[in-house]
Amino acid sequence: MGVTLFALGGTISVSGGAADERLTGADIAAAVPGLGGLGVPLDVRDVRAVPSGSLTFADVLDVVQAASRAVADGADGIVVTQGTDTLEETAFLVDLLWRHDAPFVLTGAMRQPAMAGADGPANVLAAVRVAVAPAARGLGALVAFNDEVHAARWTAKSHSTSTAAFVSPNAGPVGHVVEGRVRILARPERRALLPLDTDRTRLAATRVALHCATLDDDGTTHTSLADTHQGLVVAGFGVGHVPAHLAPVLGDLAARMPVVLTSRTGGGSVLSHTYRAPGSETDLLGRGLIDGGMLDPYKARVLLRLLCASGAERTRVAAAFVQHG
């Protein structure tokens with residue numbers, strides 16, 4: 001019973017002392033007013049105290065496996081504290097793999113513990129409340145931040161410093177924590193899960209590039225991409241456009257590896273047949289690119305890398321993006 005908390009470092013763990021000195025998970029939990037009064041047993045485990053930009057897919061898979069064992073041993077829910085820089089990506093990665101009804105809640109902080117108005121304690125308190133809330137069961141991975149609850153598949157970090165940095169541009173939060181009560185207002189449909197037993201050696205060797213289209217983009221970085229990578233995510237302009245001269249280059253790549261088309265805007269979907277000029281979404285999809293739907297480029301890269309690491313062919317990749325995009 002209770003909650004298992006995995007501490008992964010990040011701003012919430014910055015001690016203010018030596019550069020490499022980090023607060024432990026126990027330190028983080030001890031600084032949360034009211035946590036003991038919840039009556040929720042807490043099993044705190046320190047995993048890897050590093051900035052979230054240094055986390056790997058393998059690190060996250062290790063946590064998911066350890067969390068699965070904790071749930072099998074009776075934990076009601078899981079909380080992970082980590083840095084916010086990659087939290088939207090790790091949360092989506094977890095959501096693609098998490099097979100339990102028990103909530104898996106990720107949180108962190110935008111302000112260091114020693115700063116005025118540090119938000120870490122409130123976020124941890126909210127995360128623990130969500131992790132044991134019956135209403136949050138069956139929702140997969142969630143992000144608890146600023147007393148809002150976001151579905152991992154929709155959330156994004158939208159600001160570099162604000163304590164309200166996490167938003168869900170296409171859907172809004174699925175719930176809130178109000179006066180200690182977890183109120184879930186929407187229940188997103190759970191999508192097909194990916195296997196957790198992906199070969200780690202193959203995963204480490206799988207390279208998926210992300211290219212963001214820009215004004216006067218010459219596309220020279222694409223020349224030999226198929227020789228070094230197994231997949232590519234394109235963050236196109238608007239609804240999925242690139243400069244016209246890039247279209248045949250991307251089409252050639254799509255004939256050799258999966259190339260997924262997304263939007264760089266941060267909200268909304270790529271289209272499929274509204275515009276027809278060279279470099280438009282209709283042109284690119286006709287050349288073999290895969291429709292990324294409403295997934296942002298960062299989440300699309302997470303999904304594509306897992307698929308490529310599992311040896312998925314183009315048809316299976318396309319089908320997965322229909323499900324998750």
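Where does asparagine 146 lie? Asparagine 146 is placed in the loop between strand S5 (141-145) and strand S6 (148-151). Helices (H or I, at least four residues) and strands (E, at least two) are DSSP runs, numbered from the N terminus. The model is predicted, with local features requiring pLDDT of at least 70 and side-chain atom pairs counted only at pLDDT 80 or more, while totals for chains, interfaces and linings use all residues. Residues are numbered from 1 along each chain as its sequence is written, and side-chain values use heavy atoms, with hydrogens and water left out.

The phi of asparagine 146 is near 60 degrees, a positive value in a residue other than glycine. Asparagine 146 counts as partly exposed because its relative accessibility is 39%. Here buried means under 20% relative accessible area, exposed over 50%, and partly exposed in between (1.4 Å probe, protein chains only). Glutamate 179 also has a positive phi, near 50 degrees, and is a residue other than glycine. The loop holding glutamate 179 runs between strand S9 (175-178) and strand S10 (181-184). Glutamate 179 has 83% relative accessibility and therefore counts as exposed. Threonine 24 sits in the loop between strand S1 (3-7) and helix H1 (25-30). Its relative accessibility of 30% makes threonine 24 partly exposed. Threonine 24 and leucine 125 are 101 residues apart along the chain, and their C-alpha atoms are separated by 16 Å.

Threonine 81 belongs to strand S3 (residues 77-81). Threonine 81 is buried, at a relative accessible area of 0%. Contact is defined as heavy atoms within 4.5 Å. With neighbours within four places in sequence left aside, threonine 81 is in contact with Leu5, Phe6, Ala7, Leu8, Gly9, Ile12, Ile28, Thr107 and Val124.

Helix H2 (residues 57-72) packs with helix H3 (residues 87-97) at an angle of about 50 degrees, and their axes are 10 Å apart. H2 is therefore oblique to H3. Axes are lines fitted to C-alpha atoms, for helices over the stretch in contact, and angles run from 0 to 180 degrees between N-to-C directions. Angles under 35 degrees count as roughly parallel, over 145 as roughly antiparallel, 65 to 115 as roughly perpendicular and the rest as oblique. H2 and H3 cross in a right-handed sense. A crossing is right-handed if the near helix is turned clockwise from the far one by less than a right angle, and left-handed if anticlockwise. H2 contributes Phe57, Val60, Leu61 and Val64 to the contact, and H3 contributes Thr90, Leu93, Val94 and Leu97. Seven residues of this contact are nonpolar, one is polar and none is charged. Nonpolar covers Ala, Val, Leu, Ile, Met, Phe, Trp, Tyr, Cys and Pro; charged covers Asp, Glu, Lys and Arg; the others, Gly among them, are polar.

H2 has 16 residues and spans 23 Å from its first C-alpha to its last, close to the 22 Å expected at 1.5 Å a residue. The expected span is 1.5 Å times one less than the number of residues in the helix. Buried residues of H2 include Phe57, Asp59, Val60, Leu61 and Val64. Glycine 74 follows H2 and has a positive phi, near 120 degrees.

H3 also packs with H9, at an angle of about 40 degrees and with axes 9 Å apart. H3 is therefore oblique to H9. The crossing of H3 and H9 is right-handed. Its contact involves Glu88, Glu89, Phe92, Leu93, Leu96 and Leu97 of H3 and Tyr298, Lys299, Val302, Leu303 and Leu306 of H9. By class, eight residues are nonpolar, none is polar and three are charged.

Helix H9 (residues 297-309) has 13 residues and reaches 18 Å from first C-alpha to last, close to the expected 18 Å. H9 is largely enclosed by the rest of the structure, because 11 of its 13 residues are buried. Leucine 306 lies in H9 and is buried, with a relative accessible area of 2%. Leucine 306 and leucine 93 are 213 residues apart in sequence, yet 8.7 Å apart in space, C-alpha to C-alpha. Beyond its neighbours within four places in sequence, leucine 306 is in contact with Phe57, Leu93, Leu96, Leu97, Leu194 and Leu203.
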